[in-house]
Amino acid sequence: MKKFYIALLSSALLSIIVLGWLIDAFSQNTHAPLDEFSMQSKMIAGFSKQLTTLPPAQRSNYVTKLANDFSLPLTYKLNDTLALSSALLMQMQTHGGLILEGEQGFHMLYSNQALSPYHLSMRLDNSFEAEQRDDIILTLLFYAGLCVFMGFIIYPLAKRLSVLNEAAKKFASGDVKTRIKVSHFTYIKDVELTFNRMASQIEKLVAENKLMASSLSHDIRTPIACLRFGLDAAIDSNDMPKVKQYLTRMENDLDHMESMLKSYLAFATLEQNANRLTYSATHMRSYFEDILAQLSPKLDSHKLSVQLNSSNDVIYADLHWLARAVTNLINNACDFALQHIYVSATVNEQHIIITVEDDGPGIAAENFSKVFSPFFRENNHRNRADKSYGLGLAIVEKVADWHHGRVYAGKSKQLGGACFTLKIAQQHPSVK
């Protein structure tokens, strides 16, 4: 919007300067360069000189002849016919005479010692109304031109707002794939980009909710069927040890359902944490050593060895969610590794790069991008406990996105199994 304000202000100033100059030039061209009163003053002074050469008795007839010959409203009268003060009567004898304004226009009065006690009077046309009309026309032209200039500036804004409005209507009607094609010549580029980001986020959330509902309805059928089978068997059986056995299985199925529901609900509310990150600084090596210490029981139970290669640089991130992402990656490696896991962490000026590799069966190349989709599980790679709901790597991708980074899957060159690379932006304490 700053671009729009600058363009609007610049166009307003430019239009005022250009239009003012054009109107001023037009006004100067439409007015005579000579002063109209000055010309009339010279005329009446010349007539008075001619009158002084004539006898007083012939002057009145001569003035009448001059008025007829030149079509001028010229009269010759006594000074006593004027209701003027002595000062104004004296002013009639000055160079240029006396000019009075009346309802019918301007009157020029002129006299001198040779004409006294008479004076010449000439009525001039009143040009005030014509000039007033010209001023009104010029004013209207000025504001019309200003409106045209403003129109050139505001029209692109109105057009882009119309595009934004249409996109919002389509999006509201259910077309979540609607996006605005951002133009380089728009005043609201930030608004359009924000709309596209919002639309992408909502589309992603809608897709995840649909996928979660579908996956939940599919995955919950098995424990429900087991519960139904166990309940029917327990009702029909008269053998109390078997009834107890059925109840124990039903309890396990309920635990499985409870775990599943907790995982799904936790993932459904995960996006609420996107704007609640708390950044803090720590030394990287000790940070990863603490994570591995927390996971040591699982590593020991699976008889896995872990090699950590990390510097002790200071990193700045949301340490809780970063640990959650790293833990998920290592847990995933524990589920598939045979003997060895390799963890490395490096820092450069712009990124924190974390890799987790294992010597397991790896991931099919066509599934490198699919493994981060919620609820995705490779059919031929069931983990040891079979308690995965396909959400661990999806959470890693969200944490990476929150930290303005990405996570990649590939093949480990060192161990031959899967390799996951988490790359997030290296923040600084003054930037969040």
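**Strand pairing and enclosed helices**

User: In β8, which residue is the bridge partner of L308?

Analyst: In this predicted model, L308 has V343 of β8 as its bridge partner.

User: What makes strand β6 and strand β8 a pair, and in which sense do they run, parallel or antiparallel?

Analyst: Two strands count as paired when at least two bridges are found between them. Strand β6 (residues 305-310) and strand β8 (residues 340-347) share six bridges, so they meet that requirement, and their sense is parallel.

User: Why are β6 and β10 called edge strands?

Analyst: The open sheet has five strands in the order β6-β8-β9-β11-β10, with mixed pairing. Within this order, β6 and β10 (406-411) each pair on one side only, and that is what makes them the edge strands. From one strand to the next, the twist averages 15 degrees.

User: What makes β10 and strand β11 a pair?

Analyst: Six bridges join β10 to strand β11 (residues 418-425), against a requirement of at least two, so the two strands are paired, and they run antiparallel. One of the residues involved is A409, whose bridge partner in β11 is F420.

User: Which strands does helix α9 lie across?

Analyst: Helix α9 (residues 284-294) lies across β6, β8 and β9, and runs at about 165 degrees to β6. Angles are taken between N-to-C directions on a scale from 0 to 180 degrees.

User: How do you know that the span of helix α11 is close to what is expected?

Analyst: Helix α11 (residues 319-336) has 18 residues and reaches 26 Å from its first C-alpha to its last, and this is close to the 26 Å expected at 1.5 Å a residue.

User: Why is α11 described as largely enclosed by the rest of the structure?

Analyst: A residue is called buried when its relative accessible area is under 20%. In α11, 14 of the 18 residues are buried, so this helix is largely enclosed by the rest of the structure.

User: Why does helix α12 receive that description too, and which of its residues are buried?

Analyst: Eight of the eleven residues of helix α12 (residues 392-402) are buried, so α12 is likewise largely enclosed by the rest of the structure. The buried residues are L393, A394, I395, V396, K398, V399, A400 and W402. Just after α12, H404 takes a positive phi of about 60 degrees.

Terms used: Residues are numbered from 1 along each chain as its sequence is written. This is a predicted model: local features need pLDDT of at least 70, side-chain atom pairs count only at pLDDT 80 or more; totals for chains, interfaces and linings use all residues. Side-chain values use heavy atoms; hydrogens and water are left out. Helices (H or I, at least four residues) and strands (E, at least two) are DSSP runs, numbered from the N terminus. Contact means heavy atoms within 4.5 Å. The expected span of a helix is 1.5 Å times one less than its number of residues. Buried means under 20% relative accessible area, exposed over 50%, partly exposed in between (1.4 Å probe, protein chains only).
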